[in-house]
Amino acid sequence: MSELQKSGIFAPQVIEEIQAKAESGLYSIRGFGTLRERRWPTFDDLTFLPCSLTRIPLEGYREKCSTKTVLGTRFAKQPIALDIPVMITGMSWGALSYNAKVALAKGAAAAGSSNTTGDGGMLQAERENSRTLIYEVLPSRYGINIHHMRVADAIELTIGQGAKPGTGGLLLGSKVSDRIAEQRDLPLGVDQRSPARHPDFLGPDDMIIKVEELREATDWQVPIFIKLGATRVYDDVKLAAKAGADVIVVDGMEGGTGASPAIFQEHTGLPTLAAVSEARCALEDIGLYGTVQLIIAGGIRDGADAAKAMALGADACYIGTAALIALNCNKPIYEEDYRAIGAAPHACHHCHTGRCPVGITTQDPDLMKRLDVEQGAERVRNLLQVMTSEIQMLARACGKSDVHHLEPEDMAALTLEASAICGIPLVGTRKVFRH
Amino acid sequence: MAEIDAAGRSTRELNSAIRRLIAESSKEITVRNPGARHNLAVAILDEVHILVGGSVGYYCGGLIDGASIEIEGSAGWGVAESMLSGTVRVHGNVGSGAAAAIRGGTVVIHGDAAARLGVSMKGGTVIVAGNCGYMAGFMAQKGTLIVCGDAGEAFADSMYATTCYVGGKIANLGTDAVLAPLDSSEAEQLEQTLTCYLPPSLRGAKPAAADFKKVVAGRKLWNFDKRDWRIWQEAL
């Protein structure tokens, strides 16, 4: 046994974290999302079972596999119709640069998808470049504007976020620039804390009234989404459905953030895999599965993740971090600037600093210029289209003429945990290990 | 003046009727028998005066821009929430979260306000002739909050740049709330505001503007600082 053996409990990273807290007197705040090694059940623990003899696959390039996605059919007069089931989640102008917000809007529009405003209100350029824009109503109500709400295609009432359920957002002073301070009605350069709760309602009973208000404000035209951070998903989804949601968004613990305490990112919430399973179960148990649409978010990386989420019951998926990566997040360019903020390409989670080397999570005009809007939009469009193609490939291989026809039976579980969570058989068995 | 009888009609029908009258160029609309219904007259974006002849539930006058809403009774939670401009006047009392997140306009309450008056307000002016409950002004960002009577506990907690004035007693100040001197020009402006918005019968009974206490943020929560650990312990 070497005397140089390191502790498994007080590993080098733990020692560094403790000493950083002791030095600074502050808890760690950062962006990006959980950095933990993935030891919890994920979509990687599922595998598709494409057709062989018992089912007939569709030809990849010859036979139709629809990706059209309609959301908000329960009460809204004008449900939103998207060409694809992969959407861009809400990320604020403030956390993101102007160029990033516009690039996301243009990219989503070019792919026939939607984008969402975020915790800082709507940018006019965002509306102008969106095909389908979802307007988020968050606890902070930063930038709340009825005129913006009334030109949106859907309203998303956000209760929580997967990366930090139960707490509000943060925008550190380096990002509260002139324009952001004006948009959010804040003093310049403050470390902005968002409230954890909405200012004018508390529980699910009051939320019923709030949903009615949003419907009255938008003349019952557009769908009302309710977004939940994944915690007590089974109960929360039922309550959101009772409150009158057309669409419920569940954001798993793998979801991203522009800035929040690291301890929330690492130690709160349910994995996205568990979230989608609980959400479907809840809607089925109240007879609203298929009536209330379900969107799943949180660490969705590619078409396989999205297809598995859809097979488990989601009507569509949100992507956030993956879309930023398409914009060059963590790309090995401007490496000096990564180093200057204590990061490196592929290991940058320094969105909170406002010094994003690739111009995405910054308000610095010079850094922002590094993100070319047109090129960024094209990459976002490409990613959305490729992810959709991947979903279609898997769906066709499973014999489905519509990506929404994917079902749990199209998959097997690679681990006992995934079998128990998803209610699908463990590979090598015909058993469902369900509680 | 156009009149709508709310008795037996749904919120949807009533708001549709209000919008229809506005589209027909009505500038004065009276809603009779509101029956404490929620969500009356929300998101009205025209310069119209709507008189509600009784009490209302949640969110009356919420999300308006430019309208004038007058409620002859009391109002439930979130009256005038997120308004951009206009006036909301309540002759009675209001529930929690009155004027929450307003970005402009004026909210005048003749009676008392419950908890979290002006929470997260981002502009505008809120005037309460009576008393207010706990945590008024919580996380308020801009604008002016005036309470002529007494203020409840944790007043003006965790604020950014809202200015508060209290004519009566303050049960206690919230985290980072501090008393600030009220100079003569401010007192004069305050007096003008009160005289402008409160009827003489209410204004006459209240302290002179110069006797109001001014409360602002101490700015210790504006930026993280490890030396303020205890204040953050309480704030978070």
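Q: What are the ground rules here?
A: It's a predicted model, where local features need pLDDT of at least 70, side-chain atom pairs count only at pLDDT 80 or more, and totals for chains, interfaces and linings use all residues. Residues are numbered from 1 along each chain as its sequence is written, with chains lettered from A and ligands numbered from 1 in the order in which they are written.

Q: Is strand S7 of chain B mostly covered or mostly open?
A: Mostly covered: six of the seven residues in S7(B), 122-128, are buried. Buried takes 20 or more other C-beta atoms within 10 Å of the residue's own, with C-beta atoms placed from the backbone; strands are DSSP E runs of at least two residues, numbered from the N terminus.

Q: Which strand pairs with S7(B) over five bridges?
A: That's S8(B), residues 142-147, in the parallel sense. B:Lys122 has B:Lys142 as its bridge partner there. S6(B), residues 106-109, also pairs with S7(B) in the parallel sense, over four bridges, and B:Thr106 stands opposite B:Thr125. Pairing needs at least two DSSP bridges.

Q: Switching topic, how many residues does chain A put into the contact?
A: Chain A gives 23 and chain B gives 36, where contact means C-beta atoms, placed from the backbone, within 7 Å.

Q: And which helix of chain A gives the largest share of that side?
A: Helix H6(A), residues 204-217, with five residues. Helices are DSSP H or I runs of at least four residues.

Methods. Buried ≥ 20, exposed ≤ 12 C-beta atoms within 10 Å, placed from the backbone. Contact = placed C-beta atoms within 7 Å.
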